[in-house]
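I opened the notebook to look up a few things in this structure. My entries follow.

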Amino acid sequence: MGDRKSGESNVNPMMSDTSGVARNTSQPPEHYDDVREELQKMAERRKRSQTLLQKSKAPLRPGQTLLGTFMGVYVPTTQNILGIILFIRLPWITGQAGIIQAAIIVSMGCVSSCLTSLSMSAIATNGRVSAGGCYQIIKKSLGPEFGGVVGILLFLSNNFGVAMYVLGFVEALQDAFPGITISDDQANDNRAIGAVTLIFLATIVYVGISYISKFALLFLTGVITAIFSIFLGVFVHTGVPDGAVVGLTWDNFSENIKPAYTSGNSFATLLALFFPAVTDPLAGSNLSGDLSNASVSIPPGTLYAVLTTTIIFLSQVVLTGGSTLRSALLDDKLIVTKVAWPFPELIYGGIMLSTLGAGLQSLAGAPRLLAAIARDDLVPVLRPLVPLPGQEPRKIVILCCFISMCVLMLGELDAVAPFITMWFLTCYSIINGACFMLSYEMSPGFRPAWRYFHWSAALLGMLICLGMMFFISWYFAMSALVLSFFLYKLIERQLGKKNVELVAHDTTVERSDESNNRMVEAQAAQLEESAERADWASGIRFNKVRTALLGLQEHDYEFKYWRPFVLFLCKVSPENQQYVPQRGMINLIQQLMKRGKGISFVAGVVEGDYTPANVQLAKSAVKCLKVIMREKKIDGFPEVIVAPTIYEGQRFLIQGKGFGVLRPNTVMMGFPSDLDNMSEKAKKNYVNIVKDSATAGKTLIVCKGTVDFPDGKEVIVSGTVDVWWVFDLLPARGLLLLLPYLLQQHRAWRHTKTRLFVVTGYDEPMEQLQSILEDMLTASGLQASVHILQMDASDAPRYTSVGKSSHESLTKFSHSPSIMGLTDYLHAVSLDIQDIKMETLPESPPKEEVPAEDSPFTQDPVNNRGVSHHVSQSSKEKKKVPMSEKDRRSSCNFLTSDKYGSRLTAAFKKYSADSAMVVLALPKQQRVQTAVEYLDSLSVLIADLPLVMMVQESGMERIQLYG
């Protein structure tokens, strides 16, 4: 079991004298000081809130220029979309798929992009957007887990996109200037020229965002000029054919309207190839930290850019498909250079400018995304890359350049596109799903200024994106989803570790006043930041819990569905608000929950007046309990309240803890470890808690240990768990058998075996009773060896108030409809047992029979009435009957009596002193007993047992022991 650890206390909240608890009630002058201190704290909190608000408005970096809607959102978004796919791949896609299917491909991509833009606009206008773009937007809406997933996937997509744009630039450059060669290998030429181009773009980004915006407008101007030259060329060549460019004719249009897929190509592969063209309506949001007003600029800038590019893409499909022969569309990927007017050099310039511009925007947005993720410490490996406040993320720019360079070494544009497609579609699905959940749940916190959206549009966008992923390639889609799940769990684990370290450090480290003040300020900022952290599942959980609670009925707990809902009355230190260990009792809760699948409430009391200072102490204690429950993996909730006395607080918890019908059905507390030092008032309060539990209709479990209860990690017990039934079969309606079973499902108790000791009178038929009990255990699925001991009622005065023979109790219980097989068996054996009406005996056995009118009686805690019994003469006469050898071995007459005249104490010592734990019914307090006498009687009874669970039934237990 392990020795008791030094420094641990085994004192229950009701174990110690109230004088030993530091009360926080104060005299009037001290109360004024408390008020003054609280006012100062409120002022400090207000000041910290204002400071955090100012910090959220990031200061301008040296030389930084804030951008508006046109330059900050519209231009970069349009530039990213009008890239290499428009000039080099879209005419070839039109030749493969035909005009109609090519238009469908473009429409599918643009519709998903437009729906995502609507969702992003709604989310972006739900509060203030800080630096970090799409990551920050999703983080504040769905939480850091999904925000981190979207941010990392967009980061990878942008880096792969940079490589794709550079390869497109190289392809156009070599076609325009065939003489540019470095080696005999074309792929190596692509890699070498691409590497030089990438370094050039990285240098511009490294210098600063203001230079990027200046280059961006120049690049976009060249792209728009090239597009118009293509459209003009279509009409110029109409009626003036030039080789493969025949101009707009109905014959050519009708010829190219149908698909003509070549080997290895299909609608899905073309969709995967085209989709990267429309995958970056988020380019403007990635630069949110450089926008003057991100919430105002992102929605219109993004949507106008998407609509503009959609019109351009559809026009390109129709005009080039209707004016160019199919053979040219399939064989010449740069056929648009022949369509353009007045000269093809405009197209080469437009292609190179569009690829350079799109690559520049991607290379500018990716470092800012990763910098925001690194700043939030979601991925520990990124900590060294965090830029200093107000500085460019230059370390991450170098990292992005390295990643893009590695992808560039593939040397093939078509090999890069599927990765970009899947990652962007995954991000789009998350963004649309976020908007759908927030809007559909009608969360009060979702109040976007952008009104042109509906939850159905967001749902449609999410389904389209997911459908496209699996339509294009199910294994690429599964790979993207697996990567997303891995990133989600990684970030979730990191956040949980940060929370545990923060609270654990707060509750374990001793600090000076000055360092403590600094730590409090840091924690306050941390808590304010965590309070703003969103959780994507919180609305779903709330709605599910609300529906379940409203539908939960009292009868749901009856019979088959009984579960342990434990209220553990723990003790918290008044000095440092830490949980005071009580012989490892808290381990029992986790072990019961493993198989019982119930709910636990670990509750303590801060003694004192209800003042702000004491409320703060209670909150600190809740944090400590939360850490311990997390470490112990306990399913439940911590609770600490403020009350004038420990007793009043615990009484309130017993009465009021819970919600609706979801209330604890079991109260657990420790047995006093030092009765001699407890005041009489403390003992009386402790006994009152026992009575209050019965009055509230709750099962009470009182735990006592001379050693610690095992935790299952350092200590794993073996041996036996002994269950004692004394003059009553199925006490607590079978709960005494169920508790060991639940514990033995945990690794701490897995190597123990259960022994059932049944103490009966001398008039019981032992063999038949043992056979019935063994059949009952077999039918119930419980494994236990049965041992029957015989004892006179007068030798167990603490338990003789039950008032029924063992056989009568079992027969009555067996008439439950679910166990009629056992009932029939009991009738078949036709046991001839007389009812024994036993008198309630005082704690000290009487020397002579007490007259009926003077006989003491017990107080029934459930029905609140006295119950009196007497010992029949026939029972006394049966003691004189000669016993068989077996009866003699099971007799307890040879055992000595304790000072209260009970042989049970010696029986417990003889049979269970070496057991792992003993489970027995809690003896009821006799009416003639005081609280002091009652607790002393219990202490004597279990003095020689290492670990004990005493169970007091409430009469409300609903336990099924039969399958």
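How much accessible surface does the protein have, and what share of it belongs to carbon and sulfur atoms? I am working from a predicted model. The computed accessible surface comes to about 42300 Å². Carbon and sulfur atoms account for 58% of that surface.

**Overall make-up.** I looked up the secondary structure next. The protein has 32 helices and 12 strands. I then checked burial. Of the 963 residues, 54% are buried. I also looked at contacts between residues at least 6 apart in sequence. In that set, 83% join residues at least 24 apart.

**Nonpolar cores.** I went to the largest nonpolar core, which holds 137 residues. Phe-87, Phe-274 and Phe-313 touch the most other members there. I took Phe-313 and listed its contacts, leaving aside neighbours within four places in sequence. They are Ile-81, Leu-86, Leu-90, Val-106, Phe-274, Ala-277 and Val-278. I also found a second, separate core of 108 residues. Among its members are Cys-570, Val-715, Trp-749 and Leu-769.

**Glu-933.** Which helix holds Glu-933? I placed this residue in helix α32, which spans residues 931-941. Why do I log Glu-933 as partly exposed? Its relative accessible area is 38%, and partly exposed covers values between the 20% limit for buried and the 50% limit for exposed. Leaving aside neighbours within four places in sequence, I found Glu-933 in contact with Tyr-900 and Val-928. I also checked Lys-683, which is 250 residues from Glu-933 along the chain. The C-alpha atoms of these two residues are separated by 9.7 Å.

Definitions and conventions: Residues are numbered from 1 along each chain as its sequence is written. This is a predicted model: local features need pLDDT of at least 70, side-chain atom pairs count only at pLDDT 80 or more; totals for chains, interfaces and linings use all residues. Side-chain values use heavy atoms; hydrogens and water are left out. Helices (H or I, at least four residues) and strands (E, at least two) are DSSP runs, numbered from the N terminus. Buried means under 20% relative accessible area, exposed over 50%, partly exposed in between (1.4 Å probe, protein chains only). Contact means heavy atoms within 4.5 Å. Accessible areas come from the Shrake-Rupley method with a 1.4 Å probe; for residues, only the protein chains shown count as cover. A nonpolar core is a set of buried Ala, Val, Leu, Ile, Met, Phe, Trp, Tyr and Cys residues joined through side-chain atoms within 4.5 Å.
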